[in-house]
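Here are two exercises to work through with the viewer open. Try each one yourself before reading its solution.

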4 protein chains.
Amino acid sequence: MKQTTLHHRRVTRRKFTADCAMLLAGIALGAAPRLAAQTAPAPAGPASPQLVEDLVAAYRILADHGVLDAYGHVSARHDRDPDRYLLSRSRGPELVTADDILAYDLDNNPVDDKGGTLRKERFIHGEIYKVRPDVKAIVHCHTPSLIPFGISTVPLQPVYHMAAFLWEGVPVFEIREAAGRKMTNMLVDNPMLGQALAQTLGSKPAALMRGHGAVVVGPSIRMAVGRSIYMAINATLQNQAIGLGGDVTYIDPEEGRLTTLDEYRRGWETWKRRAMAK
Amino acid sequence: MKQTTLHHRRVTRRKFTADCAMLLAGIALGAAPRLAAQTAPAPAGPASPQLVEDLVAAYRILADHGVLDAYGHVSARHDRDPDRYLLSRSRGPELVTADDILAYDLDNNPVDDKGGTLRKERFIHGEIYKVRPDVKAIVHCHTPSLIPFGISTVPLQPVYHMAAFLWEGVPVFEIREAAGRKMTNMLVDNPMLGQALAQTLGSKPAALMRGHGAVVVGPSIRMAVGRSIYMAINATLQNQAIGLGGDVTYIDPEEGRLTTLDEYRRGWETWKRRAMAK
Amino acid sequence: MKQTTLHHRRVTRRKFTADCAMLLAGIALGAAPRLAAQTAPAPAGPASPQLVEDLVAAYRILADHGVLDAYGHVSARHDRDPDRYLLSRSRGPELVTADDILAYDLDNNPVDDKGGTLRKERFIHGEIYKVRPDVKAIVHCHTPSLIPFGISTVPLQPVYHMAAFLWEGVPVFEIREAAGRKMTNMLVDNPMLGQALAQTLGSKPAALMRGHGAVVVGPSIRMAVGRSIYMAINATLQNQAIGLGGDVTYIDPEEGRLTTLDEYRRGWETWKRRAMAK
Amino acid sequence: MKQTTLHHRRVTRRKFTADCAMLLAGIALGAAPRLAAQTAPAPAGPASPQLVEDLVAAYRILADHGVLDAYGHVSARHDRDPDRYLLSRSRGPELVTADDILAYDLDNNPVDDKGGTLRKERFIHGEIYKVRPDVKAIVHCHTPSLIPFGISTVPLQPVYHMAAFLWEGVPVFEIREAAGRKMTNMLVDNPMLGQALAQTLGSKPAALMRGHGAVVVGPSIRMAVGRSIYMAINATLQNQAIGLGGDVTYIDPEEGRLTTLDEYRRGWETWKRRAMAK
């Protein structure tokens with residue numbers, strides 16, 4: 001994986017030609033405020049401090065739970081502009097601070113002039129936000145317990161109510177098919193692969209990525225985080241239940257449908273307190 | 001899971017009609033002290049500070065051992081009124097303090113005017129206390145290692161003396177049967193389901209709940225806590241022993257009967273010291 | 001398990017009759033110094049501070065590694081009197097301090113007048129020291145990873161050089177046979193059972209105890225501790241190797257014989273530093 | 001395992017006879033500067049402080065991740081003299097400081113006069129550096145999750161992109177064959193065994209050592225460390241995937257080839273921060 005360093009000038013120049021008005025509306029670009037004001041919606045301004053705080057907490061919580069290690073990322077849709085999302089610079093999740101949070105448009109171009117290295121797989125986020133207006137947050141992770149289910153013919157299924165949202169089934173993204181049966185470096189590092197992943201995800205809350213990890217979405221940061229935590233635990237427990245050798249009773253789809261109202265409020269309070277104290 | 005916020009006035013009003021005297025005896029209700037004094041036993045007063053301290057320690061210890069994560073709860077029967085029990089507000093176990101401990105009557109109505117959000121599954125506690133006078137403490141948990149045994153046809157059995165109390169057998173609560181073969185949201189969030197769970201538990205020290213977790217009871221907080229800790233470990237070890245592929249020798253019922261005298265005193269001292277230092 | 005509280009007077013009185021001279025030699029008994037001096041070897045005096053410090057470290061190290069939880073114990077043979085051994089009071093291993101270390105004679109009677117609660121299973125220690133002059137330290141543990149091998153027909157075998165001392169084979173103590181095919185409370189809480197365990201152990205460095213745990217011995221505290229740590233890891237790894245489903249190559253007895261010289265010096269320095277800093 | 005204490009005088013004397021000029025070039029030996037200067041390249045001087053700092057961090061990171069416990073070591077090729085390497089004294093990895101780093105020539109003789117105990121298995125390092133000019137860092141570890149794959153007929157294979165470098169296959173070093181079908185103490189503690197291990201490794205990034213552990217190499221400290229961390233996780237996950245009982249899809253060799261560019265930069269920042277803060 002080569003690191004993608006952001007060359008602001010080059011990005012700005014290219015976008016100016018291709019998609020000028022829309023971009024200018026998004027970038028706090030001192031040189032052309034008037035043009036932007038005329039041809040695109042007024043700049044949405046920064047995301048609310050609460051959203052940024054919650055997104056930083058999400059990085060820390062997911063690291064604290066081992067859902068993310070030094071890799072992986074979580075994004076949130078901008079709360080004042082649905083055509084943007086927030087994602088941290090390329091840093092280890094447990095090190096992320098508010099200053100590392102950058103805004104992107106849905107074509108995955110940064111709209112902040114803050115420097116630093118961009119996430120190579122930001123295409124995962126923009127392409128899902130484009131086609132899933134219900135999604136407000138996305139986790140991309142390499143969580144260990146999920147890897148076996150992404151490479152096995154045995155499907156991931158919900159074993160307990162904390163992960164009952166898995167009742168809809170968990171599709172597996174096969175990057176070789178997405179890339180036209182060609183071999184890749186396994187990364188979703190361009191728009192085409194991002195779109196293919198969004199298509200595999202469909203309307204589901206989560207998809208596994210073969211030999212790579214998973215993507216988990218939600219109507220809020222809290223939901224995406226809680227789902228990621230319990231999906232990981234569920235995978236471990238399903239594996240153990242299979243190992244016992246008897247028959248296994250999974251959560252019934254109807255049970256899953258009836259339990260999907262939890263918003264992990266209590267969990268969030270506990271997790272945030274613990275993770276931010278570290 | 002919708003959160004159940006306590007509207008004290010409404011609860012008080014309804015209870016006044018249905019079960020007036022008994023309730024008034026329990027609530028420190030400035031407006032009607034006389035009536036209460038006449039028609040019900042005198043108020044028991046607050047539980048002993050030692051009991052509250054031990055209950056708070058129980059939350060912390062169970063969180064420290066991973067028996068509880070951000071969910072699950074432990075209650076204790078009121079030491080000055082056997083018709084009441086103590087249970088924390090709806091908070092993450094590792095955050096619970098003495099101020100979060102609320103008193104309930106055995107119909108699971110709060111008798112304290114302390115505000116906050118009630119546990120949705122408090123019905124587990126009251127319904128068991130009603131039919132099990134020997135029980136002084138109850139743990140409800142989603143402990144990971146127990147989940148596989150709640151969904152597998154392979155029964156949980158004791159593998160070592162620290163969990164020898166399992167010799168009586170561990171019944172599995174199937175909420176679909178309890179609910180009249182109807183699908184539920186998996187939660188024991190009403191009196192009928194609480195009663196069905198108490199019936200499944202019978203005279204045993206623990207029951208598994210399919211796709212959900214377990215309930216563990218004891219003649220003291222210490223016993224319920226110690227049993228929960230070693231039941232969880234036992235599940236892991238039984239799973240590993242089965243995985244070896246050979247024949248397994250479980251604790252004999254007679255051995256179990258002879259070893260059930262331990263009160264986990266030494267464990268409690270160690271666990272409490274460690275958990276409260278965090 | 002009832003707790004055995006030490007009633008010094010009663011113990012002293014009974015021993016005076018039964019085994020007077022030998023006992024008096026060991027107890028700093030103000031009332032009868034002369035008699036003791038005449039009929040038994042002069043009192044050996046306290047163990048060296050270094051031995052006590054190492055024994056305390058052993059408790060902490062074994063707790064830090066999860067070899068001991070809130071239960072289990074480690075003893076050392078007295079370095080100035082081979083007919084005595086040191087063992088802590090009945091406390092959680094991570095709480096043990098030098099003040100908790102008591103001296104016992106090989107009949108498992110305390111020779112210190114320090115009060116507190118005695119270990120119920122001290123008989124493990126004295127009976128092994130009696131018949132194994134080479135043994136200077138003994139660990140009794142309920143280490144989770146060892147339990148499956150104590151109850152399975154699959155024998156524990158060495159998988160890597162750090163646990164190569166297991167090449168001699170690991171006998172399993174079946175308490176039902178030791179107790180004359182009678183059911184017990186699983187505890188080695190009398191001399192007869194302690195002797196039977198010592199007999200099962202024979203000349204080996206370790207024995208498993210069915211449904212209970214293990215006993216690990218060594219020519220030094222460091223050796224007994226290091227062996228306990230790596231025996232536990234070995235059990236986990238053997239279990240995993242078997243789980244892979246292929247054929248497994250164990251450490252050859254000759255390899256085991258050639259590698260048993262390590263004294264875990266480097267490990268001890270690291271373990272002690274980490275454990276004592278907690 | 002006897003500890004090898006460095007007796008500088010004896011080593012120096014012997015080397016003087018056998019291999020005088022080369023050695024003198026490496027040792028800051030006040031008595032014979034002229035001879036050294038004439039017959040060998042000028043002394044390279046100390047390694048850069050950055051390299052030493054990174055090597056110390058590598059010890060701490062690998063301990064923090066459980067790749068190393070109290071045993072195992074990591075070395076780096078000297079950055080100002082390719083015929084030397086740096087390796088710590090014989091200490092627990094989490095205790096290593098810059099002062100513990102010693103320089104060796106490729107025949108595994110120390111070239112610093114710093115005292116302390118040498119690593120008995122330093123021969124692993126020198127013999128690999130000799131035949132692998134591309135290698136700048138070497139990890140030797142007893143990582144638990146790797147042990148099963150070193151003793152099983154089931155080969156270690158890559159299950160996710162973070163360990164895709166395993167696509168080349170992981171050879172297993174059988175010390176009995178290396179030693180001419182003779183039994184050993186399992187240690188690579190002489191040049192002949194070091195050479196045999198280097199031969200088994202060949203051009204690969206890692207080799208397993210039967211009943212012992214592994215050796216992992218890289219073009220930088222960061223790469224060797226990152227590979228060690230993810231190789232260990234990969235082993236756990238492959239084991240779990242096999243345990244599910246279905247068919248498993250491994251990383252394709254072509255995918256592995258395409259993903260081997262990552263230099264674990266982001267991981268290194270996170271790992272170092274965490275490990276050095278302990």
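**Exercise 1.** Leaving aside its neighbours within four places in sequence, which residues is Ala58(B) in contact with? Then decide: is Ala58(B) buried or exposed?

*Solution.* Keep in mind that this is a predicted model.

Step 1: find the residue. Ala58(B) sits in helix H3 of chain B, which covers residues 49–64.

Step 2: list the partners. With the neighbours within four places set aside, Ala58(B) touches Val74(B), Ile221(B), Val225(B) and Trp268(B).

Step 3: check the accessibility. The relative accessible area of Ala58(B) is 0%, and the cut-off for buried is under 20%, so Ala58(B) counts as buried.

**Exercise 2.** Describe the interface of chain C and chain D: how many residues are in contact, and how much area do the two chains bury between them?

*Solution.* Step 1: count residues. On the chain C side 33 residues are in contact with 34 residues of chain D.

Step 2: get the area. The two chains bury about 3,100 Å² between them, with 60% of it on carbon and sulfur atoms. In chain C, the residues losing the most area to chain D are His161(C), Leu244(C) and Arg266(C), which together make up 26% of what that side buries.

Step 3: look at the polar side of things. There are 10 residue pairs in polar contact across the interface of chain C and chain D, and the salt bridge count is 3. One of the salt bridges joins the side chains of Arg91(D) and Glu269(C), at 2.9 Å from N to O.

Step 4: trace the helices. H8 (221–244), H9 (253–258) and H10 (265–276) of chain C each supply at least two residues to the side touching chain D. The largest share, 8 residues, comes from H10(C).

Notes: Residues numbered from 1 in each chain as written. Chains lettered and ligands numbered in written order. Predicted model: local features only at pLDDT ≥ 70, side-chain atom pairs only at ≥ 80, totals over all residues. Heavy atoms only, no water. Contact = heavy atoms within 4.5 Å. Buried area = accessible area lost by both parts, 1.4 Å probe. Salt bridge = Lys/Arg side-chain N within 4 Å of Asp/Glu carboxyl O. Polar contact = N/O pair within 3.5 Å; in protein donor to acceptor, adjacent residues only side chain to side chain. Helix = DSSP H or I, 4+ residues; strand = E, 2+ residues; numbered from the N terminus. Buried < 20%, exposed > 50% of the residue type's maximum accessible area, 1.4 Å probe, protein only.
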